[in-house]
Amino acid sequence: MAWTWRFEKTDGTEVVPAVEPEEFTTQGDAESWIGEVWKDLLEGGADQVVLFEDATKIYGPMSLHGDE
């Protein structure tokens, strides 16, 4: 199983992330990574992320904008 992120604008359009993602072996690893790099992703043009386990959407879109 591989856990991956999709990076999007607010309208759901996929964007290339500012930080190169990897495939994660656990959901916890994927969530830890996003917690470390979300500001860089936001500054690079991503507004939200979606988490997938293989081809299955787990959750999202989750905003990177915090409590604006």
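**View 1. The buried side of helix α1 is covered by strands.** What covers the buried residues of α1 includes β1, β2 and β3. This is a predicted model, in which local features need pLDDT of at least 70, side-chain atom pairs count only at pLDDT 80 or more, and totals for chains, interfaces and linings use all residues. Residues are numbered from 1 along each chain as its sequence is written, and side-chain values use heavy atoms, with hydrogens and water left out. The buried residues of α1 are A30, W33, I34, V37 and L41. Buried means under 20% relative accessible area, exposed over 50%, and partly exposed in between (1.4 Å probe, protein chains only). An α-helix has 3.6 residues a turn, so residues three or four places apart point the same way.

**View 2. Helix α1 lies across the strands.** Residues 27–43 form α1, which lies across β1, β2 and β3 and runs at about 25° to β1. Helices (H or I, at least four residues) and strands (E, at least two) are DSSP runs, numbered from the N terminus. Axes are lines fitted to C-alpha atoms, for helices over the stretch in contact, and angles run from 0 to 180 degrees between N-to-C directions. A kink of about 60° in α1 is centred on V37. The bend at a residue is the angle between axes fitted to the seven residues ending there and the seven starting there. After α1 comes G45, with a positive phi near 115°.

**View 3. Three strands form an open sheet.** The order is β1-β2-β3, with antiparallel pairing. β1 (3–8) and β3 (56–63) stand at the edges, each with a single partner strand, so one side of each lacks a neighbour in the sheet. Neighbouring strands are turned by 20° against each other on average, direction ignored. Two strands pair if DSSP finds at least two bridges between them. β1 and β2 pair over six bridges. R6 has V50 of β2 as its bridge partner.

View 4. Five bridges join β2 (residues 48–53) to β3. V49 stands opposite M62, and Q48 has S63 as its bridge partner. Two residues lie between the strands of the hairpin, and D54 in the turn has a positive phi of about 55°.

**View 5. Both faces of β2 are covered.** Q48, V50 and F52 are buried on one side, and V49, L51 and E53 on the other. Six of the six residues of β2 are buried, so this strand is largely enclosed by the rest of the structure.

**View 6. W33 sits in the largest nonpolar core.** This core has 14 residues, and those with the most contacts inside it are W5, F7, W33, I34 and L41. A nonpolar core is a set of buried Ala, Val, Leu, Ile, Met, Phe, Trp, Tyr and Cys residues joined through side-chain atoms within 4.5 Å. β1, α1 and β2 each give two or more residues to this core. The largest share, five residues, comes from α1. Not counting residues up to four places away in sequence, W33 touches W5, F7, V19, E20, P21, E22, F24 and L41. Contact means heavy atoms within 4.5 Å.

**View 7. E23 is in the loop between β1 and α1.** E23 is exposed, with a relative accessible area of 58%. Leaving aside neighbours within four places in sequence, E23 is in contact with A2, W3 and T4. The C-alpha atoms of E23 and W5 are separated by 8.3 Å, with the two residues 18 apart along the chain.
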